[in-house]
Amino acid sequence: MSIIEVEESRVQMLKETKPLKMGISFRHKEKKFDNFKNQVLLPHSQSNNGPFISKADVNNDGLEDFFVGGASGQAGELYIQSKMGLFRKQQTDTWIDDMDYEDLGVLFFDADNDQDLYIVSGSSEFEEQSDLFQDRLYINDGEGNFIRSVDALPLINSSGQCIKASDIDNDGDLDLFVGGRVIPDKYPYAPESYILINENGKFVNKTKIIAPLLKNVGMVTDAVFSDYDNDGDEDLIVVGEWMPITIFENVDGVLLQKKVKSINKTEGLWFSIESKDIDNDGDMDYFIGNLGLNSKYKANSKKEFHIFCDDFDYSGTYDIILSNKYNGVLVPSRGRECTLQQMPFVKDKFPSFQLFAEVSLVDVYGEDELEGALHYEAKMLESIFLENLGNGEFKIQKLPNLVQMSPIMDFEFIDVDKNGQDEIICVGNMYNPEVETVRYDASFGAILNYSEQNFTVLKQSITGFENNGDAKSIEKLNVKNKKLIIVTNNNGELNIHEL
């Protein structure tokens with residue numbers, strides 16, 4: 001793989017636009033919340049994962065509108081596009097009434113003949129099984145007015161993030177996959193994920209029948225429905241923290257987990273996946289965002305990165321241990337000070353920093369305790385291009401180092417240089433890691449060109465694309481003979497570029 005620098009041109013491909021000039025006043029506002037109170041050794045916050053954006057023509061006027069979710073205590077906002085290419089925020093109590101929820105994944109889809117809106121409720125701010133984890137479905141009257149359905153969804157009390165739609169059972173309507181993100185104060189235990197089958201506009205939890213292995217598949221961050229095997233139906237590919245890339249093949253309406261040799265040992269801290277036939281060979285390829293390579297954590301053939309979780313000090317809380325190998329022995333990745341805040345026995349057992357620095361994981365916690373704990377190992381942290389070889393197997397290609405500087409939270413595809421071939425936009429960052437790690441903020445976004453199995457990193461001075469925030473999602477919209485690229489930022493305003 002080669003990284004090619006492109007000669008600078010005088011005219012930038014994209015032009016940044018202030019949201020207020022387009023009538024967009026949204027600014028994401030997180031509440032202050034201590035994610036690390038009960039799990040001091042969390043690798044990063046679990047309550048700063050939004051906001052997300054979804055687009056649709058909600059009022060049937062031929063123009064694309066969009067919704068962006070709010071944090072807990074903040075209403076999400078629906079923006080209606082005018083013929084002039086500007087936006088108007090819809091004034092309604094519908095979103096305000098549900099402002100206590102933390103909006104994560106959002107999806108416009110046809111639940112009953114119009115573009116309805118599904119919102120996933122998530123975060124780690126609330127207690128396990130809180131009513132504030134109940135997902136919501138808002139029904140569109142066909143003119144862009146939404147009312148929350150009171151009976152279309154089953155009871156959902158899992159903190160989620162991801163929502164995707166597909167006609168799983170091939171009956172002509174859209175069914176749903178809802179990915180569970182986290183169990184509050186029990187990271188990295190897997191929450192519950194759901195398959196919801198559309199039965200005349202009501203969604204029935206049929207996970208146990210359709211895809212029993214999906215129920216607790218992991219800490220799901222993203223997923224995509226995609227016909228990876230070209231057999232005429234959409235399969236499901238799921239990614240998440242401490243998970244391998246996981247494929248569920250659709251076999252006559254049942255999702256069966258598929259073992260694929262070429263994606264074996266792909267456990268990582270994955271945050272995003274998008275599908276695109278980027279090489280134009282007739283099958284879908286995939287771009288998958290990982291933690292990246294610009295952190296103190298390493299996971300490869302020479303370095304190991306582990307996590308253990310249990311109540312090691314019998315205090316009633318779930319204690320996390322991050323570990324790497326040093327001289328062939330697993331040792332703690334986190335320092336003595338933070339470790340003893342979670343497990344005070346460490347202070348008495350190792351009274352000095354030097355003693356703690358010289359111990360193995362077994363010395364600290366005991367072999368039996370570690371064997372009985374929940375245990376995952378990350379095998380790779382690179383963000384990747386997953387090329388579909390067309391025979392049920394894939395080829396993994398690491399994305400260029402310039403996009404490994406931060407976690408990649410989302411991808412979008414758009415022809416920025418107007419040569420007939422879409423480029424790949426990558427966005428991401430993470431501003432809330434644990435206290436011993438500086439925030440992952442090295443990414444200003446990047447645009448990649450793909451040609452003849454090589455990725456070209458386009459210079460920012462050429463593209464004009466730059467995002468200086470904690471980016472979480474990206475969407476493109478058609479607006480009055482031009483295209484908009486909208487990036488959402490945690491605890492910040494939207495970033496907008498025109499093409």
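**Group meeting: walking through a predicted model**

Let me begin inside a sheet, where Ile-163 stands opposite Val-178 in β11. Helices (H or I, at least four residues) and strands (E, at least two) are DSSP runs, numbered from the N terminus. Strand β10, residues 159–166, has 6 of its 8 residues buried, so this strand is largely enclosed by the rest of the structure; buried means under 20% relative accessible area, exposed over 50%, and partly exposed in between, with a 1.4 Å probe and protein chains only.

Residues are numbered from 1 along each chain as its sequence is written, and side-chain values use heavy atoms, with hydrogens and water left out.

How confident is the predictor? The mean pLDDT of the protein is 95, and 98% of its residues reach 70 or more, pLDDT being the predictor's confidence in each residue, from 0 to 100. Over residues 1–9, however, the pLDDT is below 50, and this stretch has 26 contacts in the model beyond near neighbours in sequence, a contact meaning heavy atoms within 4.5 Å. Where pLDDT is low, the predicted coordinates should not be read in detail.

Now the overall picture. The protein has 8 helices and 33 strands. Its radius of gyration is 23 Å, close to the 23 Å that the globule rule gives for 499 residues, so the protein is as compact as a globular protein of that length; the radius is taken over C-alpha atoms, and the rule is 2.2 Å times the number of residues to the power 0.38. Along the principal axes, the C-alpha atoms fill a box of roughly 70 × 55 × 45 Å. Of the 499 residues, 57% count as buried, and residues 24 or more positions apart account for 58% of the contacts with a separation of 6 or more. The accessible surface comes to about 21,200 Å², of which 47% belongs to carbon and sulfur atoms, as given by the Shrake-Rupley method with a 1.4 Å probe, where for residues only the protein chains shown count as cover.

Which side chains does the side chain of Gln-46 meet in polar contacts? Gln-46 is found in the loop between β1 (15–17) and β2 (53–56), and with a relative accessible area of 2% Gln-46 is buried. Its side chain makes a polar contact with the side chain of Arg-181 at 3.2 Å, and another with that of Glu-241 at 3.4 Å. A polar contact here is a pair of N or O atoms within 3.5 Å; within protein, one must be able to donate a hydrogen and the other to accept it, and residues adjacent in sequence count only if both atoms are side-chain atoms. Not counting residues up to four places away in sequence, Gln-46 also touches several others, including Asn-35, Ser-123 and Tyr-187.

Turning to the backbone, most residues other than glycine have a negative phi, and most peptide bonds are trans. A cis peptide bond joins Gly-50 and Pro-51, with omega about 10°, and Pro-51 is in the loop between β1 and β2. The peptide bond from Tyr-187 to Pro-188 is cis, with omega near 10°, and Pro-188 lies in the loop between β11 (175–182) and β12 (194–199). Gln-453 has a positive phi, near 65°, and is partly exposed at 43% relative accessible area.

Lastly, strands β22 (residues 319–326) and β23 (residues 329–332) pair in the antiparallel sense over 4 bridges, with Asn-324 having Val-331 as its bridge partner in β23. The two strands form a hairpin with 2 residues between them, and Asn-327 in the turn has a positive phi of about 55°. Leu-361, in helix α6 (residues 361–365), counts as buried at 1% relative accessibility. Leaving aside neighbours within four places in sequence, Leu-361 is in contact with residues including Ile-321, Ser-323, Leu-330 and Val-331.

Definitions and conventions:
This is a predicted model: local features need pLDDT of at least 70, side-chain atom pairs count only at pLDDT 80 or more; totals for chains, interfaces and linings use all residues. Two strands pair if DSSP finds at least two bridges between them.
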